[in-house]
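Please read these notes with the model open beside them. They are numbered so that each point can be checked separately.

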Amino acid sequence: MLEKKGNFNMERVIQEFDEVTKNASRVQRETLKKILEENGDTEYLQGLGLRGRTDIDSFRACIPLVTHHDLEPYIQRIADGDTAPILTRKPVTSISLSSGTTQGKPKYIVFNEELVHNTMQIYRISYAFRNREFPTEKGKALQFIYGSKQFETKGGLTATTATTNVYRSHQFKSTMCDIQSQCTSPDEVIFGSDFLQSLYCHLLCGLLYADQVQFVSATFAHSIVVAFQSFEKDWEELCRDIKTGVLSSRITNPNIRNAVSAILRPDPELADSIYRKCEGLSNWYGVIPELWTNAKYVYGIMTGSMEHYTRKLRHYAGRLPLVCAEYGSSEGWIGANVDPLTPPDSATFVVLPDIGFFEFIPLRGMDGCEHAEPIGLTEVQVGEEYEIIITTFAGLYRYRLGDVVRVEGFYNSTPRLKFICRRNLILSINIDKNTEKDLQLAVDEATKLLLAEKKLDLLDFTSYADMVSDPGHYVIFWELNADAKDEVLQSCCDCMDRTFVDPGYVGSRRIGTIGPLELNVVERGTFRKVLYHFLSRGTSVGQFKTPRCVGPANRAVLEILNEHAIKRFFSMAYY
Ligand code: AMP
């Protein structure tokens, strides 16, 4: 029997996905042809001599691999008001700002209707696979989503985050309805200008509609953790609001106040039941299923730099499964999670062969295969790592996304990718090379020592390559949930230093051309300050990723971290 709810037919969506993934090679050829037929006469492609050809070989011969830096002048002209077909024939409807947490400043990316269409496509596909394992009833979702600030570019285009561009599109609401993912909060909360007020009201609306909530989600896992950390502090006030039917005076934004007050009625019974349930919890373990009894799972991006938050998320989620969301970027979507039962640390993403044209630069250990030729989607090998190159319907041609992925297997003839890390080396003093993943491994090892101590946990972390001191050395910042003994922190510091096993690092540490690793413990709340710093610069909380390395361009963040450092340890690992 076909599973059909409203305008959503689960089995048909899965069947169509199976069709394209079985014929990935042909679909890739056709997708490139379509992109080039549509955009062949743009200034960018014409200038590169493609002359109407749409086959893969000509495309590769004429079009160079580029980074965002290469496209900046073109995108700037679009932002400044040049309406000629520069990168795309279809009009650019707005500019997306990528989160910019790594580079320190947001990148401009063109946004058009194609990206909205692709987003709805991937939402439907991953919902279909999720729904097959965890069928939802008619209902809503408690979604911690936030529109971000927007401004007009010189040429009059709206510039905001890609997710805000999607939330504002007219297709978003209807798709969310079709896939039982309608947000429990009104738009005024999603688009409110004050993050803390929106967060409070998301929690409140989620409680008011608790019976209907089918799952709890956010774009990135970090937002769910932040939300429940706030809930731990604000739950009594939330209960009071529900009991009296009067919204807390902390909500001063008139639009949010009106919209939420309109759905808030005195409900002492609901308030008392929430109060009792919260009181009965032990250290907030399982708060989500306790209060949202019909929720089937917790959903969001939990891979890559979000992996760190899954421990905390598991704690709040209790018995509910954590389901990893799609893999994509402001530039375009890449793959869907079609195995929702797989836990976050082994989640993979099946590439959507009709969403763009994909190429892969083989990396083999990432040591200097810079000149290896990119290969096609169906030519990749299981177990190998690659840098991913995308060509999209939204004006990016052979664009280096900067992500490293590993092929874990195939779904039909389409690869399943595991996200490994951003390609940029994040920690390097001289000949050493350490990536985000290496840092994560070092932090994970040391966290084991921390977790062995009762009630201690690492809330967040980042790093910095200090080249000013001589010799240079790695600095790691940690925020803990409680005070730790100095001996424990010293051994964590030593452990991290030892866990960076890159030969360049180990050799340099041995001969002293890299100094002892430094662990700085910062005051509680410091990473919130880092978050607020990014929000004040236009990043949306839904898109925020704690930068795992603070680059020299991020001086303001370094200042926040240093100002709030309360304890400092230097590794004794190599003495
Ligand atoms: P942004 O353009 O700011 O949304 O950031 C996009 C980047 O976030 C990607 O290039 C990845 O590095 C990372 N990212 C997005 N989705 C995932 C995912 N499912 N798993 C791991 N990292 C992801």
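1. Asn 112 has a relative accessible area of 1%, so it is buried (buried means under 20% relative accessible area, exposed over 50%, partly exposed in between, with a 1.4 Å probe and protein chains only). Asn 112 sits in the loop between β4 (108-111) and α6. Helices (H or I, at least four residues) and strands (E, at least two) are DSSP runs, numbered from the N terminus.

2. This is a predicted model, in which local features need pLDDT of at least 70 and side-chain atom pairs count only at pLDDT 80 or more, while totals for chains, interfaces and linings use all residues. Residues are numbered from 1 along each chain as its sequence is written, and side-chain values use heavy atoms, with hydrogens and water left out.

3. What is Asn 112 in contact with, leaving aside its neighbours within four places in sequence? The partners are Thr 88, Lys 90, Pro 91, Val 92, Thr 93, Phe 393 and Ala 394, where contact means heavy atoms within 4.5 Å. Ser 185 is 73 residues from Asn 112 in sequence, and their C-alpha atoms are 27 Å apart.

4. Helix α6 (residues 113-133) lies across β13 and β18 (399-411), at about 10 degrees to β13. Axes are lines fitted to C-alpha atoms, for helices over the stretch in contact, and angles run from 0 to 180 degrees between N-to-C directions. Helix α2 (residues 24-39) lies across β15 (357-362), β17 (385-391) and β19 (414-422), and runs at about 115 degrees to β15.

5. An open sheet of eight strands, with antiparallel pairing, has the order β12-β13-β14-β19-β18-β17-β15-β16. Its edge strands, β12 (327-329) and β16 (375-376), each pair on one side only; two strands pair if DSSP finds at least two bridges between them. β12 and β13 (residues 332-336) run antiparallel and are joined by three bridges. Ser 329 has Gly 332 in β13 as its bridge partner.

6. Why is helix α10 described as largely enclosed by the rest of the structure? The reason is that twelve of its 14 residues are buried, among them Phe 195, Tyr 200, His 202 and Leu 207. At the N-terminal end, Asp 194 caps α10, with a side-chain oxygen 3.0 Å from the backbone nitrogen of Leu 196.

7. The UniProt annotation "domain: GH3 C-terminal", from an unreviewed entry, covers residues 437-550; such annotations may be inferred rather than shown by experiment, and UniProt positions are given in the numbering used here, with feature names shortened. Over residues 437-550 the chain is 43% helix and 19% strand.

Definitions and conventions. A polar contact is a pair of N or O atoms within 3.5 Å; within protein, one must be able to donate a hydrogen and the other to accept it, and residues adjacent in sequence count only if both atoms are side-chain atoms.
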